[in-house]
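Please find below a note on the structure shown here.

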Amino acid sequence: MVVLVNKDVKNIWNLKGRRFCHPGFDTADDWTKAFSTYFEKWIITKECDPQKTLLENRMNGLSNFFEGACIGGPWSADTTFDSKLKIKYRNLCTACDNLFEACSSDDKYHGREGALLCLTDNAGDIAWVRLDDTLLHFKEEQIGKENYNYLCPDGTTRPMKIDKPCVWITRPWPVIVARLEVAEKVEKMMSSFKEQKSNWILRDLLENFHTTPVSTDTLETPEDFLVKFPGFMSANRRANCRPSRRVQWCVASNLEDRKCRWLRDASFVYGVEPTISCKQESSRAACLTAVQTGQADIFVARPEELYAATKLGLKSIVQAIPKKNEFHRIAAVVKQNSWFKSLRDLKGAKACFTGYRDVGWYTFLSVLKNITGARPECSDMKAVGNFFSKSVVPGLADNEQEIPSNLYFSAGSVGDDLSAFQCLESGLGDVAFLDLKNVEKKTGNLKSEAHSDKSSNNGYRTLCLKKTNGDEQDICTLAWIPLSVVVAHANLTDLRHEEIYSMLLEMDDLFGNTFKGTVPSFSMYGLYDSNHSVIFPVRNYRH
């Protein structure tokens with residue numbers, strides 16, 4: 001990376017009040033915030049106004065330092081906040097080509113080539129650009145070098161025409177790393193590729209831009225290798241604000257703690273702010289309490305924990321939304337030939353639940369409120385016991401309260417939809433409150449009461465709140481539940497909410513299920529250490 005300036009910029013002290021051409025903050029395979037923000041951190045003092053988010057502090061610093069700029073593309077992963085920042089700091093878009101859609105990703109001056117065009121079209125005075133792009137641009141566009149200088153880290157300038165660029169930061173080549181005890185064997189194996197005439201699949205996977213790997217004279221530690229590249233190690237160091245903006249992320253197991261630490265390190269390398277700190281508690285319930293008492297900032301709650309989170313005064317920041325039609329779809333399922341016409345007819349029937357105080361349990365309590373028109377005064381167990389003649393409920397044995405005599409413990413595991421379905425199938429219950437997606441894997445698509453053929457002795461259908469003649473398939477889904485919800489204290493300030501929300505969105509962009517370029521080195525939602533659903537629950541359907 002180099003800083004290219006107009007020849008009237010004599011030194012680094014001439015930069016203030018100039019126009020800045022920047023490629024943008026978009027993160028790609030070879031362009032992270034370590035590179036995109038390196039130059040500005042060198043020349044602008046870090047701001048820590050507690051009334052602004054970390055990102056707004058950064059944009060405010062740029063806005064105050066430069067008269068104008070073109071920083072095309074997204075500034076924040078939160079599109080609403082992104083728009084607010086671009087309106088507030090509009091001078092950072094005045095050097096862009098399209099003033100009507102300033103700082104858009106489609107702007108002529110956005111991106112690597114765009115930053116160079118911004119400078120050579122005289123829209124800006126300073127450009128933060130790649131050296132290889134610069135040399136190619138001047139050659140292909142046949143632009144004279146005599147009107148431009150390189151700005152050096154020592155504050156001086158150097159004429160571009162003498163072909164001795166001042167490099168600010170260099171990106172290392174990708175390397176192959178191995179444990180110390182096998183490093184020599186790996187090195188010999190890689191060296192043997194040079195002698196093979198035919199392409200070998202492993203080599204093609206490891207090297208996508210060189211036909212042969214480049215060996216080193218001696219095997220080095222990663223740090224010994226990286227210190228050879230100017231600026232790279234310092235680029236990943238950053239000054240922190242006081243008080244710290246760090247986000248305390250609560251986890252409830254050793255496995256979750258290890259994954260959280262990986263997420264922390266990966267996010268730090270890509271420049272995600274605020275940084276996170278992993279706080280381990282003894283249980284998931286303890287994590288909810290830690291968020292309530294301020295000992296932690298956020299926790300990823302499962303659907304069955306949302307009721308407890310609400311009672312503790314916690315609120316949702318963001319939900320983990322699955323692919324289309326993969327929400328938890330809670331419904332009341334009955335046999336095809338049963339006489340029940342609506343949920344109101346279930347009074348005195350036998351019920352099968354997936355667990356005590358899980359999603360299905362609380363969904364029914366919500367339905368009960370709709371049926372009766374009033375909030376039940378008794379406990380939730382008594383409310384269920386009073387409505388149904390008998391209920392089979394996994395997880396009751398862990399409860400210390402007095403259990404009504406018509407509520408029975410089940411050996412099935414809490415949250416097991418197929419166990420609840422088997423309860424209905426065997427005749428132990430007349431209705432089962434469960435997740436449709438898991439059951440439809442076994443039964444096929446269910447129908448609502450309005451579309452069912454009750455003369456059939458086989459099959460199952462769903463009950464609605466009331467019987468109508470319309471299309472009731474959507475009505476018969478009693479609740480649509482996300483896979484998980486990131487919860488925080490209800491008294492979270494708007495500023496802190498925005499910081500954490502944007503941080504989570506950026507992590508999702510970098511390490512989520514959809515991404516730009518090559519597969520990311522870390523996955524938020526994928527397998528971790530051969531385990532599913534670590535921190536973030538993932539749908540795993542049983543067949």
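The points below treat the chain, a helix and its surroundings, and the disulfides.

1. Basis of the note. This is a predicted model, in which local features need pLDDT of at least 70, side-chain atom pairs count only at pLDDT 80 or more, and totals for chains, interfaces and linings use all residues. Residues are numbered from 1 along each chain as its sequence is written, and side-chain values use heavy atoms, with hydrogens and water left out.

2. The chain as a whole. The chain contains 18 helices and 19 strands; helices (H or I, at least four residues) and strands (E, at least two) are DSSP runs, numbered from the N terminus. Of its 543 residues, 48% count as buried, where buried means under 20% relative accessible area, exposed over 50%, and partly exposed in between (1.4 Å probe, protein chains only). The chain exposes about 28100 Å², and carbon and sulfur atoms supply 50% of this area; accessible areas come from the Shrake-Rupley method with a 1.4 Å probe, and for residues only the protein chains shown count as cover.

3. Contacts along the sequence. Among contacts in the chain with a separation of 6 or more, 68% are between residues 24 or more positions apart. A contact means heavy atoms within 4.5 Å.

4. Helix H11. This helix covers residues 254-269, has 16 residues and spans 23 Å from its first C-alpha to its last, close to the 22 Å expected at 1.5 Å a residue. The expected span is 1.5 Å times one less than the number of residues. Glycine 271 follows H11 and has a positive phi, near 80°.

5. The buried side of the account for H11. Glu256, Asp257, Lys259, Cys260, Leu263, Ala266 and Ser267 are buried in H11. The cover over the buried residues of H11 includes strand E7 (247-251), strand E8 (276-280), helix H12 (284-293) and helix H18 (494-511).

6. A disulfide is a covalent bond between the sulfur atoms of two cysteines; here it is assigned to a pair of cysteine sulfur atoms within 2.5 Å. The structure holds 8 disulfides. Cysteine 260 and cysteine 278 form one of them, with their sulfur atoms 2.1 Å apart. The pair links distant parts of the chain, with cysteine 260 in helix H11 and cysteine 278 in strand E8, 18 residues apart. The torsion about the S-S bond is about -95°, so this disulfide is left-handed. Cysteine 260 counts as buried at 0% relative accessibility, and cysteine 278 is buried at 12%.

7. Cysteine 48 and cysteine 241. These two residues are joined by a disulfide, S to S 2.0 Å. The pair links distant parts of the chain, 193 residues apart: cysteine 48 is in the loop between helix H2 (38-43) and helix H3 (54-65), and cysteine 241 is in the loop between helix H10 (232-235) and E7. With -85° about the S-S bond, the link is left-handed. Cysteine 48 counts as partly exposed at 30% relative accessibility, whereas cysteine 241 is buried, with a relative accessible area of 5%.

8. Cysteine 352 and cysteine 423. A disulfide joins these residues, S to S 2.1 Å. Cysteine 352 lies in strand E12 (residues 350-353) and cysteine 423 in helix H16 (residues 417-425), so the pair ties together parts that are 71 residues apart in sequence. The torsion about the S-S bond is about -70°, so the disulfide is left-handed. Cysteine 352 is buried at 1% relative accessible area, and cysteine 423 is buried at 7%.
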